[in-house]
Amino acid sequence: MNRRRFLALSGVGVVGAVAGCSSEADSVESVDSHPAAADLDAQPRRGELGGHVILAFEDPSCPTCRRFHENTLPDIRENIVDAGKGAYVVRTYPVIYPWGEPATQALESTFARDSEAYWSLFDHYFAEQSSFDPDNVLARTATFLTEETDIDGEAVASDARDRAHDDAVQADIRAAEDAGLGETTPIILLFEDGEFVTKVNGSVSYELIAEALGEHDG
């Protein structure tokens, strides 16, 4: 990221936090050394690593994360992922409402079986967010996966109850904590050509992300 663009972004408040669901990671220059990006290649992603990397820490129970998915993610998919310019990577971070924790366990159990089913379930949690609570989330998850994907929803729900993939859940939480990201989701870290650019919080616009990544340069 060139110094002129960094200073411009700092001047308009892009570097730092924007309102999200509700505490900071300063510059660690490389995607290979940034604690938030530990084991990045093993995380759910759309697109290929390299070029732009949009790393999002999200809680399926977070209304601000839902707005990010509704308003910003379609443009990320079209202009970054589908255009072959980089990747959108998710790390789940259940810090908002209680049902987000079992949902995160279910997401990791799903990802271990099938990545496309993971994305379907992730989208489903946001689409039907108001219908979930700690008592029904795994039953509803099992029904959705069985009816809408090719995997066994009851097996996923059982794994989630048993925390069968808790190592993956804890790795995401530890990455956020090691990077000092706080608990205001979504937390979005931007990398360009392997270099850390900035961190933003909240349902930020695609325009802001594109500006930070130099998509509007020259």
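Helices α6 (residues 137–148) and α7 (residues 153–162) of this predicted model have axes that come within 7 Å and cross at roughly 150 degrees. Axes here are lines fitted to C-alpha atoms, for helices over the stretch in contact, with angles from 0 to 180 degrees between N-to-C directions; helices (H or I, at least four residues) and strands (E, at least two) are DSSP runs numbered from the N terminus. The crossing therefore makes α6 roughly antiparallel to α7, a term for angles over 145 degrees. The crossing is right-handed, that is, the near helix is turned clockwise from the far one by less than a right angle.

On the α6 side, L138, A139, A142, L145 and T146 make the contact, and on the α7 side G153, E154, V156, A157, A160 and R161; contact means heavy atoms within 4.5 Å. These residues divide into 7 nonpolar, 2 polar and 2 charged. Ala, Val, Leu, Ile, Met, Phe, Trp, Tyr, Cys and Pro count as nonpolar, Asp, Glu, Lys and Arg as charged, and the others, Gly among them, as polar.

Residues are numbered from 1 along each chain as its sequence is written. Local features need pLDDT of at least 70 and side-chain atom pairs pLDDT 80 or more, while totals for chains, interfaces and linings use all residues; side-chain values use heavy atoms, without hydrogens and water.

An open sheet of 5 strands has the order β1-β3-β2-β4-β5 and mixed pairing. Because β1 (45–47) and β5 stand at the edges with a single partner strand each, one side of each is left without a neighbour in the sheet. Neighbouring strands are turned by 15 degrees against each other on average, direction ignored.

| Strand pair | Bridges | Opposite residues |
|---|---|---|
| β1 and β3 (residues 86–92) | 3 bridges | R45 and V89 |
| β2 (residues 52–58) and β4 | 6 bridges | A56 and I188 |
| β4 and β5 (residues 195–201) | 6 bridges | I188 and V200 |

Strand β4 (residues 187–192) is mostly covered, with 6 of its 6 residues buried, meaning under 20% relative accessible area (1.4 Å probe, protein chains only). I187, L189 and F191 point one way from β4, and I188, L190 and E192 the other. With β5, β4 forms a hairpin with 2 residues between the strands, and D193 in the turn has a positive phi of about 50 degrees.

Terms used. Parallel < 35°, antiparallel > 145°, perpendicular 65-115°, else oblique. Buried < 20%, exposed > 50% of the residue type's maximum accessible area, 1.4 Å probe, protein only. Pairing = 2+ DSSP bridges.
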